[in-house]
Amino acid sequence: MGPFIETLTHRWRSSGSLLCVGLDPDADKLPPSLRTQRAPLLAFNRAIIDATAQWACAFKVQIAHYAAIGAERQLERTIAYIKRRYADTPVILDAKRGDIGATARMYAREAFERYQADAVTVNPYLGGDALAPFLEYADNGVFVLCRTSNPGSGEFQRLSSGGRTVAQHVAARAAGEWNGNRNVGLVVGATWPREIGAIRRLAGDLPLLIPGIGTQGGDLEAVLKNGLVAGGAGLIINISRGIIYAGAQDEDFAGAAGRAAQAWCGEINRHRGEAEAGR
């Protein structure tokens, strides 16, 4: 077990939560009182982080929401804030990087040295050599796209070769040759709950980052039934819009986000308990 997985495992236990809060702010959806500030995304994020941290096993930041408007510095400061105030809660940079060797090394430096993320999402389409620069950061986590939540993902991820789908081949590689530093996880969408069980069997106890619950309509009960490992952990269930925009136009937006996080955490744990009881 690498350092990132140890940190994540400890947070699962200390928080009693599998909820990941996605910090994907849209400047047009911020409360009016924040829009005139010099760093509005940062101000919004800080309030959301403080309101939801006790219910979160991790935070996930989507780089595009910052880079699209030249707000990378606010992203850096958001991650620094989490590390300063909630050092036991890992931060996942959702960047979906994947490129040839020299460029991949720069992307790995960007994620782990510039932004100081604890983990990053990567695209395996170019093969293992494109992932190697990320995997070499043994203290950090690397979440490999496996079965993504978008409707068109099956165009390639469900293609079959040698009796396995492409997604299943990715899961097997991630659990095997790519996991030499014990720092690999998988991204598996909640919108495909029937496939999670097969991926879990190939992936062993790798952590699964699960998007697609909430706005995208993923089946939470089925995700927990098929994706939990022994001890009731193994999942990082990401919810972004359903939490951060719970009251985004209201001046009590942070309070609304905190209540939404608490409710989602309770709902996850209810189904988690049912899944564990049914084993």
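Two strands pair if DSSP finds at least two bridges between them.

**Ground rules**

I am working on a predicted model, where local features need pLDDT of at least 70, side-chain atom pairs count only at pLDDT 80 or more, and totals for chains, interfaces and linings use all residues. Residues are numbered from 1 along each chain as its sequence is written, and side-chain values use heavy atoms, with hydrogens and water left out.

**Overall picture**

I counted the elements: the protein has 13 helices and 10 strands. I then looked up the radius of gyration, taken over C-alpha atoms, against the globule rule, which is 2.2 Å times the number of residues to the power 0.38. The radius of gyration is 18 Å, close to the 19 Å from the rule for 279 residues, so the protein is as compact as a globular protein of that length. Along the principal axes, the C-alpha atoms fill a box of roughly 55 × 50 × 35 Å.

For burial I used relative accessible area: buried is under 20%, exposed is over 50%, and partly exposed is in between (1.4 Å probe, protein chains only). Of the 279 residues, 55% are buried. For contacts I took heavy atoms within 4.5 Å. Among contacts with a separation of 6 or more, 73% are between residues 24 or more positions apart.

**The barrel**

How do the eight strands of the closed barrel run? I read the order as 1-2-3-4-5-8-9-10, with parallel pairing. Neighbouring strands of this sheet are turned by 30 degrees against each other on average, direction ignored. As a reminder to myself, strands of a sheet pair through backbone hydrogen bonds, either parallel or antiparallel.

I followed strand 2 (residues 58-62) to both of its neighbours. Strand 1 (residues 19-23) is joined to strand 2 by four bridges, in parallel, and L23 has V61 in strand 2 as its bridge partner. On to strand 3: four bridges join strand 2 to it, again in parallel, with V61 opposite L93.

Next I checked where the barrel closes. Strand 1 and strand 10 (residues 235-239) pair in the parallel sense over three bridges, and L19 stands opposite I237. Strand 9 (residues 208-210) also runs parallel to strand 10, through three bridges, and there I210 has I237 as its bridge partner.

Which residues of strand 2 lie on each side? A58, K60 and Q62 are on one side, F59 and V61 on the other, and all are buried. Five of the five residues of strand 2 are buried, so this strand is largely enclosed by the rest of the structure. Strand 10 is also mostly covered, with five of its five residues buried.

**Helices against the strands**

Before noting angles, I wrote down how they are taken: axes are lines fitted to C-alpha atoms, for helices over the stretch in contact, and angles run from 0 to 180 degrees between N-to-C directions. Helix 3 (residues 40-52) lies across strand 1 and strand 2, at about 170 degrees to strand 1. Helix 1 (residues 3-15) lies across strand 4, strand 5, strand 8 and strand 10, at about 75 degrees to strand 10.

I stopped at P3, which lies in helix 1. P3 is partly exposed, with a relative accessible area of 36%. Not counting residues up to four places away in sequence, P3 touches A138 and D139.

**Helix 6 and helix 7**

My last entry is a helix pair. The axes of helix 6 (residues 101-114) and helix 7 (residues 128-135) come within 8 Å and cross at roughly 30 degrees. On the helix 6 side I found G101, A104, R105, Y107, A108 and F112, which meet A130, P133 and F134 in helix 7.

In helix 7, the buried residues are A130, L131, P133, F134 and L135. Their cover includes strand 3 (91-97), helix 6, strand 4 (119-122), strand 5 (141-147) and strand 8 (184-188).

Technical notes. Helices (H or I, at least four residues) and strands (E, at least two) are DSSP runs, numbered from the N terminus.
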